[in-house]
Amino acid sequence: CMKRICNGCRLAAHRQGIHNRCPFCRTPSKDDNASVLAMIRKRVKKGDAKAMHYLGCKHYKGELGLAKDVPRAVEIWAKAVGLGSINAHYSLGESYFHGDGVKEDKPRGIRHWQQAAMNGHVPSRHCLGLVEAMIGNDKLAVQHFMISAKMGEEESLNSIKKMFKKGHATKVQYAEALLGYRDALEEMKSPQREEAKRHGV
(Lines give C-alpha, C1' and ligand atoms only; values in the text may rest on other atoms or scores of the structure.)
Protein backbone atom coordinates (compact mmCIF):
# COMPACT_ATOMS: atom_id res chain seq x y z
CA CYS A 1 0.00 0.00 0.00
CA MET A 2 3.15 2.22 0.15
CA LYS A 3 2.16 3.79 3.48
CA ARG A 4 4.99 5.04 5.67
CA ILE A 5 4.87 4.52 9.40
CA CYS A 6 6.83 6.04 12.26
CA ASN A 7 9.19 3.96 14.39
CA GLY A 8 6.73 4.03 17.28
CA CYS A 9 4.07 2.36 15.15
CA ARG A 10 6.65 -0.08 13.81
CA LEU A 11 7.52 -1.11 17.38
CA ALA A 12 3.83 -1.38 18.34
CA ALA A 13 3.13 -3.58 15.31
CA HIS A 14 6.09 -5.81 16.19
CA ARG A 15 4.74 -6.26 19.70
CA GLN A 16 1.37 -7.27 18.28
CA GLY A 17 3.03 -10.06 16.35
CA ILE A 18 3.04 -8.29 12.98
CA HIS A 19 6.46 -9.30 11.65
CA ASN A 20 7.72 -8.71 8.11
CA ARG A 21 4.29 -7.46 7.02
CA CYS A 22 2.78 -4.04 6.44
CA PRO A 23 0.84 -3.02 9.59
CA PHE A 24 -1.84 -1.46 7.36
CA CYS A 25 -2.55 -3.90 4.55
CA ARG A 26 -0.73 -6.95 5.99
CA THR A 27 1.14 -7.53 2.72
CA PRO A 28 4.35 -9.51 3.37
CA SER A 29 7.51 -7.41 3.16
CA LYS A 30 9.68 -7.92 0.10
CA ASP A 31 13.42 -8.24 0.48
CA ASP A 32 14.71 -8.55 -3.08
CA ASN A 33 14.89 -5.60 -5.48
CA ALA A 34 12.84 -7.26 -8.22
CA SER A 35 9.90 -7.95 -5.90
CA VAL A 36 9.98 -4.46 -4.37
CA LEU A 37 10.12 -2.89 -7.82
CA ALA A 38 7.23 -5.03 -9.04
CA MET A 39 5.16 -3.95 -6.02
CA ILE A 40 5.92 -0.26 -6.66
CA ARG A 41 5.11 -0.53 -10.37
CA LYS A 42 1.82 -2.20 -9.52
CA ARG A 43 0.91 0.82 -7.37
CA VAL A 44 2.08 3.19 -10.11
CA LYS A 45 -0.23 1.50 -12.64
CA LYS A 46 -3.12 2.15 -10.26
CA GLY A 47 -2.31 5.87 -10.29
CA ASP A 48 -0.73 6.03 -6.84
CA ALA A 49 1.04 9.43 -6.69
CA LYS A 50 3.20 8.40 -3.70
CA ALA A 51 4.37 5.29 -5.51
CA MET A 52 5.18 7.38 -8.60
CA HIS A 53 7.27 9.80 -6.59
CA TYR A 54 9.04 6.89 -4.91
CA LEU A 55 9.75 5.22 -8.25
CA GLY A 56 11.10 8.51 -9.59
CA CYS A 57 13.45 8.71 -6.60
CA LYS A 58 14.73 5.20 -7.29
CA HIS A 59 15.48 6.16 -10.92
CA TYR A 60 17.13 9.36 -9.67
CA LYS A 61 19.43 7.50 -7.27
CA GLY A 62 19.89 4.35 -9.34
CA GLU A 63 18.50 2.05 -6.66
CA LEU A 64 16.55 -1.23 -6.64
CA GLY A 65 18.63 -2.46 -9.56
CA LEU A 66 17.64 0.50 -11.76
CA ALA A 67 20.25 2.46 -13.66
CA LYS A 68 20.60 6.08 -12.53
CA ASP A 69 18.37 8.01 -14.92
CA VAL A 70 17.59 11.58 -13.82
CA PRO A 71 15.57 12.55 -16.95
CA ARG A 72 13.36 9.49 -16.38
CA ALA A 73 12.95 10.47 -12.73
CA VAL A 74 11.87 13.98 -13.75
CA GLU A 75 9.38 12.51 -16.22
CA ILE A 76 7.85 10.29 -13.51
CA TRP A 77 7.75 13.12 -10.97
CA ALA A 78 5.90 15.28 -13.51
CA LYS A 79 3.20 12.59 -13.73
CA ALA A 80 3.05 12.37 -9.94
CA VAL A 81 2.57 16.15 -9.74
CA GLY A 82 -0.41 15.76 -12.05
CA LEU A 83 -1.87 13.39 -9.46
CA GLY A 84 -1.27 15.82 -6.60
CA SER A 85 2.06 14.72 -5.12
CA ILE A 86 3.60 17.58 -3.14
CA ASN A 87 6.80 15.53 -2.70
CA ALA A 88 7.10 15.37 -6.49
CA HIS A 89 6.72 19.17 -6.63
CA TYR A 90 9.62 19.42 -4.20
CA SER A 91 11.79 17.00 -6.20
CA LEU A 92 11.06 18.85 -9.45
CA GLY A 93 11.86 22.11 -7.69
CA GLU A 94 15.26 20.73 -6.75
CA SER A 95 15.93 19.47 -10.28
CA TYR A 96 14.89 22.63 -12.12
CA PHE A 97 16.42 25.08 -9.65
CA HIS A 98 19.80 23.34 -9.72
CA GLY A 99 19.66 22.12 -13.34
CA ASP A 100 19.96 18.50 -12.25
CA GLY A 101 18.93 16.23 -15.14
CA VAL A 102 17.08 19.07 -16.84
CA LYS A 103 17.97 22.48 -18.19
CA GLU A 104 18.33 24.89 -15.26
CA ASP A 105 15.17 26.94 -14.81
CA LYS A 106 15.21 28.62 -11.39
CA PRO A 107 11.80 30.33 -11.73
CA ARG A 108 10.22 26.98 -12.62
CA GLY A 109 11.95 25.30 -9.68
CA ILE A 110 10.69 28.03 -7.35
CA ARG A 111 7.14 27.61 -8.67
CA HIS A 112 7.28 23.90 -7.82
CA TRP A 113 8.50 24.70 -4.30
CA GLN A 114 5.74 27.29 -3.93
CA GLN A 115 3.09 24.74 -4.90
CA ALA A 116 4.48 22.24 -2.42
CA ALA A 117 4.88 24.85 0.35
CA MET A 118 1.30 26.05 -0.06
CA ASN A 119 0.23 22.47 0.61
CA GLY A 120 2.29 22.17 3.79
CA HIS A 121 5.58 20.74 2.50
CA VAL A 122 8.12 21.93 5.05
CA PRO A 123 11.42 21.42 3.14
CA SER A 124 9.97 23.38 0.18
CA ARG A 125 9.10 26.25 2.51
CA HIS A 126 12.67 26.18 3.81
CA CYS A 127 14.03 26.28 0.24
CA LEU A 128 11.91 29.37 -0.49
CA GLY A 129 13.46 31.01 2.55
CA LEU A 130 16.94 30.18 1.26
CA VAL A 131 16.11 31.66 -2.15
CA GLU A 132 14.88 34.92 -0.60
CA ALA A 133 17.93 35.10 1.67
CA MET A 134 20.24 34.62 -1.34
CA ILE A 135 18.77 37.64 -3.13
CA GLY A 136 18.82 39.77 0.03
CA ASN A 137 15.09 39.76 0.70
CA ASP A 138 15.58 39.18 4.42
CA LYS A 139 12.04 40.08 5.48
CA LEU A 140 10.45 37.46 3.24
CA ALA A 141 13.20 34.93 4.04
CA VAL A 142 12.45 35.25 7.76
CA GLN A 143 8.73 34.79 7.09
CA HIS A 144 9.38 31.53 5.24
CA PHE A 145 11.83 30.30 7.88
CA MET A 146 9.38 31.18 10.67
CA ILE A 147 6.66 29.05 9.07
CA SER A 148 8.91 26.02 8.53
CA ALA A 149 10.62 26.34 11.93
CA LYS A 150 7.20 26.26 13.58
CA MET A 151 6.52 23.06 11.65
CA GLY A 152 9.62 21.39 13.11
CA GLU A 153 12.30 22.22 10.51
CA GLU A 154 15.56 22.54 12.45
CA GLU A 155 17.48 24.01 9.49
CA SER A 156 14.99 26.87 9.33
CA LEU A 157 15.43 27.56 13.03
CA ASN A 158 19.21 27.61 12.52
CA SER A 159 18.79 29.97 9.56
CA ILE A 160 16.79 32.43 11.68
CA LYS A 161 19.43 32.19 14.39
CA LYS A 162 22.15 33.08 11.86
CA MET A 163 20.05 35.96 10.52
CA PHE A 164 19.48 37.21 14.08
CA LYS A 165 23.23 37.18 14.75
CA LYS A 166 23.78 39.21 11.57
CA GLY A 167 21.05 41.67 12.47
CA HIS A 168 18.64 40.50 9.73
CA ALA A 169 16.07 39.05 12.15
CA THR A 170 14.88 40.36 15.50
CA LYS A 171 15.29 38.77 18.90
CA VAL A 172 11.50 38.49 19.11
CA GLN A 173 11.37 36.60 15.78
CA TYR A 174 14.09 34.19 16.88
CA ALA A 175 12.36 33.59 20.22
CA GLU A 176 9.03 33.00 18.47
CA ALA A 177 10.64 30.58 16.02
CA LEU A 178 12.40 28.71 18.83
CA LEU A 179 9.18 28.37 20.82
CA GLY A 180 7.25 27.24 17.73
CA TYR A 181 9.94 24.70 16.86
CA ARG A 182 9.85 23.25 20.39
CA ASP A 183 6.05 23.07 20.28
CA ALA A 184 6.19 21.23 16.94
CA LEU A 185 8.64 18.67 18.33
CA GLU A 186 6.47 18.19 21.40
CA GLU A 187 3.40 17.56 19.22
CA MET A 188 5.27 14.89 17.28
CA LYS A 189 6.25 13.00 20.43
CA SER A 190 4.42 9.92 21.60
CA PRO A 191 5.22 7.29 24.24
CA GLN A 192 5.65 4.72 21.45
CA ARG A 193 8.09 6.90 19.49
CA GLU A 194 10.10 7.69 22.60
CA GLU A 195 10.28 4.00 23.48
CA ALA A 196 11.32 3.13 19.91
CA LYS A 197 14.08 5.73 20.17
CA ARG A 198 15.32 4.18 23.43
CA HIS A 199 15.39 0.75 21.75
CA GLY A 200 17.21 2.12 18.72
CA VAL A 201 14.38 1.24 16.31
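Is Glu104 buried, exposed or partly exposed? Glu104 is partly exposed, with a relative accessible area of 47%. These words have cut-offs: buried means under 20% relative accessible area, exposed means over 50%, and partly exposed lies in between, with a 1.4 Å probe and protein chains only. The model is predicted, so local features need a pLDDT of at least 70 and side-chain atom pairs count only at pLDDT 80 or more, while totals for chains, interfaces and linings use all residues. Residues are numbered from 1 along each chain as its sequence is written, and side-chain values use heavy atoms, with hydrogens and water left out.

Start with the chain as a whole. It has 11 helices and zero strands, and from the N terminus on every element in the order α-α-α-α-α-α-α-α-α-α-α is a helix. Helices (H or I, at least four residues) and strands (E, at least two) are DSSP runs, numbered from the N terminus. The C-alpha trace spans about 55 × 45 × 25 Å along its principal axes. Of the 201 residues in the chain, 39% are buried. The accessible surface comes to about 12,100 Å², and 51% of it belongs to carbon and sulfur atoms. Such areas come from the Shrake-Rupley method with a 1.4 Å probe, and for residues only the protein chains shown count as cover.

Contacts tell how parts of the sequence meet. A contact means heavy atoms within 4.5 Å. Among contacts between residues at least 6 apart in sequence, 42% join residues at least 24 apart.

Now turn to the interior. In soluble globular proteins, nonpolar side chains tend to be buried together. A nonpolar core is here a set of buried Ala, Val, Leu, Ile, Met, Phe, Trp, Tyr and Cys residues joined through side-chain atoms within 4.5 Å. The largest such core has 21 residues, and Ile40, Val44, Leu55, Val74, Trp77 and Leu92 touch the most other members. Helix H2 (33-45), H3, H4 and helix H5 (86-98) each supply at least two residues of this core. H4 gives the largest share, seven residues. Leaving out residues up to four places away in sequence, Leu92 touches Val74, Trp77, Ala78, Val81 and His112. Another core lies apart from this one; it has 12 residues, including Met146, Ala149, Met163 and Ala177.

Which residues does Ser156 contact, leaving aside its neighbours within four places in sequence? They are His126, Phe145, Ser148 and Ala149. Ser156 is in helix H9 (residues 154-165) and counts as buried, at 0% relative accessibility. Not counting residues up to four places away in sequence, Ser148 touches Val122, Arg125, His126, Glu153 and Ser156.

A loop residue comes next. Leu64 is placed in the loop between helix H3 (49-61) and helix H4 (70-82). Its phi is positive, about 60°, although Leu64 is not a glycine. Leu64 is buried, with a relative accessible area of 16%.

The last topic is charge. Lys and Arg count as positive and Asp and Glu as negative, while His and the chain ends are not counted. The place of a charge is taken as NZ of Lys, CZ of Arg, CG of Asp or CD of Glu. On this basis the chain has 35 positive and 21 negative charges, and their mean positions are 4 Å apart.

Some of these charged side chains pair up. A salt bridge is a side-chain nitrogen of Lys or Arg within 4 Å of a carboxyl oxygen of Asp or Glu, and the structure holds five of them. One of them joins Glu63 and Lys58, with the closest N and O atoms 2.6 Å apart. Glu63 is partly exposed at 30% relative accessibility, whereas Lys58 is buried, with a relative accessible area of 12%. In another salt bridge, Glu75 meets Arg72 at 2.8 Å, N to O. Both residues lie in helix H4, three residues apart, which is about one turn of the helix. Glu75 is partly exposed at 40% relative accessibility, and Arg72 is partly exposed at 29%.

Glu104, from the opening question, forms a salt bridge with Lys106, the closest N and O atoms being 3.8 Å apart. Lys106 is partly exposed, with a relative accessible area of 32%.
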